Structure formats: structure tokens, C-alpha cells
Amino acid sequence: ATARSSSAAKAAKASTASLWDGSKTGPPVVPQPKNALDKLHGSGIVALCYAGNGRMLGSCAMDGTVGLVRLPVGGDKPPLILSGHRQMVHDISFSLDRTLLLSASADCTAALWRLDAAQKDKPVLRWDSVEAGKPLASEVRSAKFYYMDGFVVLAAGSSAFLCKYYVDRTVNDLNRFTSDSEYRVVQQIPSGAQAITYLDCVNSFYSNLLVYSATNKSIQIYDVAASSVVSTLKEAHSKAPLFLCLPGGAAQGGAPADLSLCSSFLSSAPDGVAKLWDLRQGTSVRAFVSHANRTARIGVGFSPCMRFVACGSEDRAAFLYDLGSGSVVSRLPGFRDVVSHALFNPVFPQMAACSYDCNARFWSSS
């Protein structure tokens, strides 16, 4: 393993133990008004992402900004807003050791931010091409750390790109403009569709699999080690899926305690349906249909105890579903616009959701 992967493995082992206690943890439906984040960004919030220790929350917005919030809200450190993209930021993810943040944007770039540096306001690395002298010509829809921080995976245009990267951590205030940080593409993964709409992968433990959705309504499972597609789920939704979530995926911040539960994933599409899939059989085993979703990308997430599903909705509320039955546990209002993403804290029994109204809200189990 590389030094980077080794340090990531140590960070994963040292992460805070989850307080989600199986059947004993109640559903997180109690509002936390003291944690509310009003006007976190200057425009609609697109997505959220928890760090693995559950004490940092990342956000990205339509105005091209990235947010970083220390939890619980209201401490001595106000939210940090990073401006490094010219257009909407589609996706963000933390490294396992929480020192790096990755962002993917409609400006045809991805950026890497050092959170342990004194100066955090500029990316230390920017992906703007996949071949020498040939800039990216498509929006970067997803950007994920992969294989315990050993790689970065980008989804841009019709392909995914597996990249090795190096971060120059000797950069300081005196030589910040002479960074030797770099990347190289080690594998290009064509989807066979006009464009990849979303990509997710596990980073909290070693896995060979990537899962991505495409404009042809399919979802593909790709084995990086074999350099081949192992399964294609055709007509996965009646419209192209726009969001995917794996247990232990980027936004989740960590894997369930029982890794046998990681053989599933969630998808959502603007056909009004979110689905639970069995990775081994390649079949949909559950549908969640009570939320509203006709046009927007709506983010979904697993609870660490694998009992609940969080889901946004276009009817200005977040939804909490029961994973086993597909029934609604609770509809959680409190927004003035589309709720674009809902997810769970990987450590503490808490649920978060964000909205196009620029706000984020939290709920706990007690």
C-alpha cells in the first residue's frame, strides 16, 4: 500500500465508534433547532457530506461555493465558505483522515482542498484535463476518494477516470504558489452512454467495485481490478438515475459495523422513486415512493444501523423511510424549497438535510 493508503487505514481504524445501536436507536425525528444552518450559502445547497468522525459537515451549492461546518453548530468556529469554482458544485467528499476535501463542478473541473493547511481558501490541486493539453469538456458530476484514499475517481462526460494523486504537504505561506501536487489518470472507464450522471464507491475499506448511473437509464457495476463491467442494470428507472448511495460510500462517512450489509445500494431518479438494490443479484428489492421527485436530483442515504433511509423531496420536506418495509417513518418539514439531499451522521444518531432555500436542518433520535 502507498503511504497515503497506509495513513488512511490508520485514520479509519482510529475513527470514533458509532453510537448507532442497532434496534435500540430510535429514528432521528426530533428537530435540533440550535444546529440549524440558515443561509449557509448564497444560493441553493445541492449536497451534503459527513466526515468519518461525524464532527464535520461539507456542503456544496449552486453558486460554485463549498462549505465546511464544525459540529455541533454554534461553537467558536463559524462555517468556512470556499470559493474555487465558477459554476455549480455537484459533489463533495472527505478523505478518511479528514485533511482533504474533494469537489466536482459544472465548470468542468474537480478541486482538492487541504483542510489542515493554514490557508484553506485555494485548492492545492485541480483536475482540468485527462490528457496532456486536452482540457475536460464536460461537467464533472462526481468526485470521490477511493480505495482508502489511494485514488480519486471522477465522472465527467461519458467516462469515469481513475486517478493517482500526490499532495505536496510541504507547501506553506512562503511557497504556496510552487506546489508539486499532481495527478495522473491510470484508467479511463467508458460507460457506453452519452453521459454518466452519478458515481459512488466505497472508501472506508478496500473494494474493487464502482457503481455509476448513466443517461441511458442504466446502472453499471464496474470491477476496477478486472477492468470490466460485472453487471448492467438496464432500465433501472423510467428516467435516468441521478443519485446513488453505497453503504460506506463517500457521503456516508463510514461503513456499517456489519460489512455483510454492504451488498446493497440505493438509487434515486426524477421518476418519483428511490430504489434499494441487491448488488449480488442485480435486482431491485424495495421501492420508496412517498416523496416527490419529478425534475431535481434528490440525494438519499443509509443509516449506519441499516434500518432507515433518508431522502430529500421536492415538496419541501425530508423523508425518513423504514429500510425493511419501504414505509414512511416520518415526513420532516421545515424548508421553503426543494430538499435536495438527506443523509445520516456516521457516528451520532443524527439526520441532516439541505435545501435550495440555502438552509440545512438536523434531527436527532432523542
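User: In strand 9, which residue is the bridge partner of Leu112?

Analyst: This is a predicted model. Strand 8 and strand 9 (residues 125-127) run antiparallel and are joined by three bridges. In strand 9, Leu112 has as its bridge partner Leu125.

User: Which residue in strand 8 does Ala104 stand opposite?

Analyst: Strand 7 (residues 100-105) pairs with strand 8 in the antiparallel sense, over five bridges. Between the two strands of this hairpin lie four residues, and Cys108 takes a positive phi near 70°. The residue in strand 8 opposite Ala104 is Ala110.

User: Are the residues of strand 8 that point either way buried or exposed?

Analyst: In a regular strand, side chains alternate between the two faces of the sheet. Ala110, Leu112 and Arg114 point one way from strand 8, while Ala111 and Trp113 point the other way. Five of the five residues in strand 8 are counted as covered in this sense, so under the 20% cut-off for relative accessible area they are buried.

User: How are the rings of Tyr146 and Phe151 classed as a pair?

Analyst: The count of aromatic pairs comes to 12. For Tyr146 and Phe151 the ring centres are 6.3 Å apart and the planes stand at 45°, so the pair is tilted.

User: Which residue has its charged end over the ring of Phe151?

Analyst: Phe151 is buried, at 19% relative accessible area. Phe151 forms one aromatic cluster with Tyr146, Tyr147 and Tyr206. The charged end over the Phe151 ring, 4.8 Å from its centre, belongs to Lys164.

Methods
Residues numbered from 1 in each chain as written. Predicted model: local features only at pLDDT ≥ 70, side-chain atom pairs only at ≥ 80, totals over all residues. Heavy atoms only, no water. Buried < 20%, exposed > 50% of the residue type's maximum accessible area, 1.4 Å probe, protein only. Pairing = 2+ DSSP bridges. Phe/Tyr/Trp six-rings, centres within 6.5 Å; stacked < 30°, edge-to-face > 60°. Lys NZ or Arg CZ within 6 Å of the ring centre and 35° of its normal.
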